[in-house]
Amino acid sequence: MGTVYLAEHVLIRRQVAIKILRPDIGDAAALDAFMAEARAAGTLGHPNIVECTDRGFTGGGSPYLVLEYLEGAVLTDEIYRLGGLPIRRALRIAEQIASALRVAHEVGIVHRALTSDNVFLVDKNQARDAVKVLDFGIARCFEAQGSTRRGAPLSAPEFMAPEQLASPESVDDRTDVYALGVILYEMLTARRPFSDDDRRSLLHRVVSEPPPPLLRHDAPPDLEDMIVSRLLAKDPAQRPASMKEVQTALDAFAAAARPSGTSSGEIELPPPDLLPAVVLPPVAEAVSLPALPRRRSPRLLWLASAVLAAVAGAGVMVLEDQTRATAEQAIAAALDADAEKLANLIDGEARAAQLRANGIAAMPMLRAAIETDAATLHDMADSDFLFTPTSGEVLELFQLSDRGTPASIPREALPPAP
């Protein structure tokens, strides 16, 4: 129906795609309708609709659209390259298509020519399979041409709803619902519900024959029933009434679907029944810790409590970067730790470190005490939290001046060890 060029805006240096249509693709009214509808859809600002920044006519009268430049793959190519998509991936793609169509329907735009050929997959912002729906309004050109020329080609009849073949001007949102059903069917089976080299036979099958089963052993029965019996229903009244209803159903299936194969690069996750059922309270709750032995210094108890609080706080921060289940598990494990064992570990490590003279001078918490009088040194020696002196041991402390020269603090003989 035309040619697409890669171009660059001469002022802002932005790459764009310019789609130039054949001037004979439709009459003037159809082309005007297409241009208006394509521009309207492209300016909705929906992340799953290709952005349209300009439109017009060339000097030769050919209509053109200026679209955002996309890098990725056409959905049709991806389907047949892999021989069908995993269920979770297909549902994720279909949900994005439904989201785009729902927004378009809300402003009165029906795609009317939705196929897997005008669904584009890009990797955007580290998100895989970001969908871009193309060619809003193009069906008007084909339908106008078909009404004026005998045998003129229609837009992909395999994706067209029965009522669209019979009366193109009477279609509504449910026509796009049918087309999305065909795309979802094709993603799961690598074939279309109806195909035939004979055009007349193909149209007859679309109108009169029921869709064949998916023949996908890992597809939930409810999913197959939704596609075959509802989305592809011959009677529009038996299909979901709106794309919002379709999107809700797809979201529910995607949430319940278990991981399938990883041929498409999906990460294999454990089944839901193997994941711990952990529920976080809506607000923080007090945690009771076992009592510590009386001989421990209050400063040790404070240190143990601070470490527990830090672990809990770190778990909360992890929630922003990891999945909820992993974070909940980490927090639960930290809070369930034995406080008595933690305190013993801290006590032992503290005693070992404090036996080193250079460790004492480097501790910021002790600098104020070191600079005090001899009475404070006695208090420090008496505290088993700091160190255990030996009989006749002499403690000499140094303080570094601004120039780095050590200055000795008055020596103080320590009392014999008890």
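My entries on this model follow, in the order I looked things up.

**Entry 1: the overall tally.** First a reminder to myself that this is a predicted model. I looked up the chain totals and got 15 helices and 11 strands. Of the 418 residues in the protein chain, 40% are buried. I also checked how far along the sequence the contacts reach. Taking contacts between residues at least 6 apart in sequence, 65% join residues at least 24 apart.

**Entry 2: the four-stranded sheet.** Which order do the strands take in the open sheet of four? I read it off as β1-β2-β4-β3, with antiparallel pairing. The edges are β1 (2-8) and β3 (52-57); each has a single partner strand, so one side of each is left without a neighbour in the sheet. From one strand to the next, I get a twist of 20° on average. I then zoomed in on β3 and β4, an antiparallel pair held over five bridges. For a landmark there, I noted that G56 has Y64 in β4 as its bridge partner.

**Entry 3: the three-stranded sheet.** Next I went to another open sheet, where three strands are ordered β5-β6-β7 and pair antiparallel. Why is one side of β5 and of β7 left without a neighbour in the sheet? Because β5 (72-74) and β7 (127-133) stand at the edges, and each has a single partner strand. Neighbouring strands in this sheet are turned by 25° against each other on average, direction ignored. I followed β6 (residues 119-124) along β7 and found five bridges joining the two antiparallel strands.

**Entry 4: helices α3 and α8.** I stayed with β6 and β7 to see what lies across them, and found helix α3 (residues 87-106). Its direction is at about 40° to β7. Then I turned to helix α8 (residues 221-231) and asked which of its residues are buried. My list has L223, M226, I227, V228 and L231. I also looked up what covers these buried residues, and α3 turns up again, with α6 (173-189) and α9 (243-256) also included in the cover.

**Entry 5: the largest cavity.** How many cavities of 30 Å³ or more does the structure hold? I got three. The largest has about 100 Å³ of space. I counted 13 lining residues for this cavity, and A38, V50, L67, D135 and F136 lie nearest its centre. The elements giving two or more residues to this lining are α1 (28-42) and β4 (63-68). The largest share of the lining, three residues, is from α1. By class I have 10 nonpolar, one polar and two charged residues around the largest cavity.

**Entry 6: the second largest cavity.** I moved on to the second largest cavity, with about 40 Å³ of space. Its lining has 11 residues. Which of them lie nearest the centre? I wrote down R112, A113, L114, F159 and Q164. Sorted by class, this lining comes out as six nonpolar, four polar and one charged.

How values were computed: Residues are numbered from 1 along each chain as its sequence is written. This is a predicted model: local features need pLDDT of at least 70, side-chain atom pairs count only at pLDDT 80 or more; totals for chains, interfaces and linings use all residues. Side-chain values use heavy atoms; hydrogens and water are left out. Two strands pair if DSSP finds at least two bridges between them. Axes are lines fitted to C-alpha atoms, for helices over the stretch in contact, and angles run from 0 to 180 degrees between N-to-C directions. Contact means heavy atoms within 4.5 Å. Buried means under 20% relative accessible area, exposed over 50%, partly exposed in between (1.4 Å probe, protein chains only). On a 1 Å grid over the protein atoms alone, a cavity is a set of points where a 1.4 Å probe fits but cannot get out, and a pocket is an open set with protein on both sides within 12 Å along at least five of seven lines; lining residues have an atom within 4 Å of a point. Grid points are joined across faces, edges and corners, and a volume is the space filled by probe spheres set on the points. Ala, Val, Leu, Ile, Met, Phe, Trp, Tyr, Cys and Pro count as nonpolar, Asp, Glu, Lys and Arg as charged, and the others, Gly among them, as polar.
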